[in-house]
Amino acid sequence: MTRLSMVARVALFATAAVAFVAPVMAENVIAEAEEASVSTMEAPKANWFYVRGGWGSAGSSIFDAGTGKMVGMVSTSRDSDLAIDPDGKFYYVAETMWSKVNRGTRMDFVSVYDSKSLKLITEIPTPGRLIVGGFTTNFVLSDDGKTAYDYNFDPASSVNIIDMAKRKFVRAIELPGCASLIVNPGVGFSALCADGTLATVAVKGATQEITRSAEFFDAAADPIYSNVAYDRKKKMAVLLSYTGQVRTVAMGAAPVVSAPFSIQEAGGMRAADVKPLDIAWYPGGMQPSALHRPSGTLWVLMHKGEYWSHKEGAEEIWGLDLAAKKLIKRIPVKGHPRNIEITQDDAAMIMVNGMENNATIIDSKTGEVKHEIENAGGGLISVVEPK
Amino acid sequence: MIRFNPDAAGEKLLRRLAGGTSRRGILSRLGAALVAAPVFPLLPVSRAEAAKPDRSPEAKTAFARSAQTKDDTKCDYWRYCAIDGSLCTCCGGGIHTCPAGSEPSPVSWVGSCINPDDGKAYMIAYRDCCGKPTCGQCGCDNIDRETQLYLPQLNNNIIWCFGTSSMEYHCSTAMMIGAA
């Protein structure tokens with residue numbers, strides 16, 4: 001087709017379309033030519049959920065917990081990691097792309113988006129990262145938002161330090177046998193290790209000092225979920241194991257790990273075991289727990305089953321008062337969700353989602369289902385964390 | 001708490017490897033393992049160092065109690081006790097064969113699975129086939145003794161397409177390594 005004939009056909013079609021459509025739409029049409037526009041958003045809000053699509057999909061849809069409506073989307077490419085600037089000005093996405101989509105030159109970088117326009121501001125090249133997605137602890141920001149720690153595995157493990165103020169990769173620190181990064185304010189970061197310890201990396205300019213805690217868990221027999229929750233205000237991390245052993249960690253140069261307590265015992269039941277044929281309530285899912293930082297309540301996806309069912313979807317959500325070590329609420333839940341998060345405001349709204357890509361917003365205080373959202377996404381859920 | 005850790009020795013080996021090697025060291029070992037692969041099926045746990053686990057009926061996981069040996073296109077096929085992803089047997093490949101146009105990863109995660117026909121445990125290497133879009137058929141996620149990212153050889157979420165020309169995940173195979 002020549003260009004001229006293309007133009008002629010388009011013109012003909014446009015004329016015909018007006019002639020055909022005009023009578024039908026006559027009553028609703030405002031007879032003014034409109035211009036295409038683009039909306040802007042508010043800065044990240046405490047009652048927003050950022051929901052990843054299912055495995056392999058891109059994009060984190062943002063839902064308002066109050067209305068259940070989608071308000072926007074952050075461009076999070078497949079298997080990328082999202083972090084929200086504590087000051088609310090930026091979204092950071094650690095991601096990997098290739099020059100020819102699935103082949104060619106590999107490029108790893110952190111994309112920086114303006115939080116209101118959602119426009120890409122810049123990309124910060126990095127030497128690499130673990131391509132997995134689904135975890136909150138592979139890309140974490142220091143409490144002041146000035147430093148990012150980006151986990152790499154190739155397949156030796158290291159951590160990339162990125163200066164977010166200068167928007168520049170600084171250097172990589174090798175950290176064999178450890179992953180699941182926890183911010184350690186004023187020190188650097190800590191990480192869970194295969195030998196059952198917590199490694200702490202004190203970053204000092206161009207050097208670092210790596211120390212290990214005493215062994216406090218068995219990484220093979222009763223692992224701690226990689227999706228560790230961290231509370232910036234209390235400078236505390238909360239660890240949950242497959243059997244439901246809960247520990248808190250006071251972060252610092254020498255982090256202090258609390259004695260574990262059983263989530264089942266906190267509810268007046270016997271602790272769950274690692275033996276087969278032992279039916280009990282166990283935590284389960286990809287993102288099986290959510291910490292409501294203002295109230296110090298850990299919300300956990302729980303199911304009845306045997307050990308080694310740690311990814312199974314939930315039948316109930318359990319609310320655990322961490323200070324009192326008491327189970328304070330059990331909320332039955334449908335759809336076997338595998339991810340949970342909770343807004344960090346007084347409303348304390350829970351979102352769960354699962355394999356069906358549907359999400360449910362639940363009032364944690366009443367257990368009432370507030371919104372059910374089809375095709376919200378089945379992946380990791382993020383919220384704005386209090387500064 | 002009673003500790004059920006049937007593969008303790010093998011896992012200790014993994015942890016020692018993970019905790020005590022530099023990147024260069026791990027690459028050199030990986031290189032050595034690749035060269036030696038036709039001779040020793042040792043990636044990443046050698047047969048000689050594997051444990052003698054308790055495989056009594058009481059010690060069997062729910063997966064092991066219901067696993068079958070006839071149909072390797074089903075999630076409950078015995079070798080798939082810790083697999084995650086699309087089964088290559090459903091994608092035009094085989095139990096240890098990548099579908100045409102894809103490329104096997106030289107490294108893998110592992111599982112220790114019981115063959116119900118002889119009641120013995122075997123070490124299985126789950127090698128991803130890479131370089132093509134996700135197959136999408138026969139999605140399974142079995143998690144016997146599956147751990148988290150800090151013990152990556154036993155974690156089934158990681159895409160193991162390292163050292164291949166493309167890191168795109170297509171499907172997963174379940175290669176026999178040897179008796180556990």
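**Exercise 1. A pair of alanines**

Task: Begin with A191(A). Which residue stands opposite A191(A) in β14(A), and how many bridges join β13(A) to strand β14 of chain A?

Solution: Keep in mind as you work that this is a predicted model.

- Step 1. Look across from A191(A): the residue standing opposite in β14(A) is A199(A).
- Step 2. Now take the two strands together. β13(A) and β14 (residues 198-204) of chain A run antiparallel, joined by five bridges.
- Step 3. Follow the chain around the turn. The hairpin of β13(A) and β14(A) has four residues between the strands, and G196(A) takes a positive phi near 85° there.

**Exercise 2. The other side of the strand**

Task: Where is the bridge partner of N184(A), and is strand β13 of chain A mostly covered or uncovered?

Solution: Let's turn to the other neighbour.

- Step 1. N184(A) has G188(A), in β13(A), as its bridge partner.
- Step 2. Strand β12 (residues 178-184) of chain A is antiparallel to β13(A), and six bridges join them.
- Step 3. These two strands also make a hairpin, with three residues between them. In its turn, G186(A) has a positive phi of about 80°.
- Step 4. Finally, check the burial of β13 (residues 188-193) of chain A: six of its six residues are buried, and the strand is mostly covered.

**Exercise 3. Into the core**

Task: Which residues touch the most other members of the largest nonpolar core?

Solution: Start with the core, then pick one of its residues.

- Step 1. The core holds 143 residues, and those touching the most other members are A191(A), A237(A), V238(A), V300(A), I317(A) and I350(A).
- Step 2. Strand β4 (residues 120-126) of chain B gives this core its largest share, six residues.

**Exercise 4. A tyrosine in chain B**

Task: Is Y122(B) buried or exposed?

Solution: Count first, then look around.

- Step 1. Y122(B) is found in strand β4 of chain B.
- Step 2. There are 20 other C-beta atoms within 10 Å of Y122(B). A residue is buried at 20 or more, so Y122(B) is buried.
- Step 3. Compare sequence with space: Y122(B) and I177(B) lie 55 residues apart in sequence, with their C-alpha atoms 7.2 Å apart.
- Step 4. Leaving out residues up to four places away in sequence, Y122(B) touches several residues, among them C113(B), M176(B) and A180(B).

**Exercise 5. The whole of chain A**

Task: Why does the radius of gyration of chain A agree with that of a compact globule?

Solution: Step back and view the chain as a whole.

- Step 1. A compact globule of 387 residues would have a radius of gyration near 21 Å, and the 24 Å of chain A agrees with this.
- Step 2. Along the principal axes, the C-alpha atoms fill a box of roughly 75 × 50 × 35 Å.
- Step 3. Chain A has one helix and 30 strands, and 48% of its residues are buried.

Note on methods: Residues numbered from 1 in each chain as written. Chains lettered and ligands numbered in written order. Predicted model: local features only at pLDDT ≥ 70, side-chain atom pairs only at ≥ 80, totals over all residues. Buried ≥ 20, exposed ≤ 12 C-beta atoms within 10 Å, placed from the backbone. Pairing = 2+ DSSP bridges. Core = buried A, V, L, I, M, F, W, Y, C linked by C-beta atoms within 7 Å. Rg over C-alpha atoms; globule rule 2.2 N^0.38 Å. Contact = placed C-beta atoms within 7 Å.
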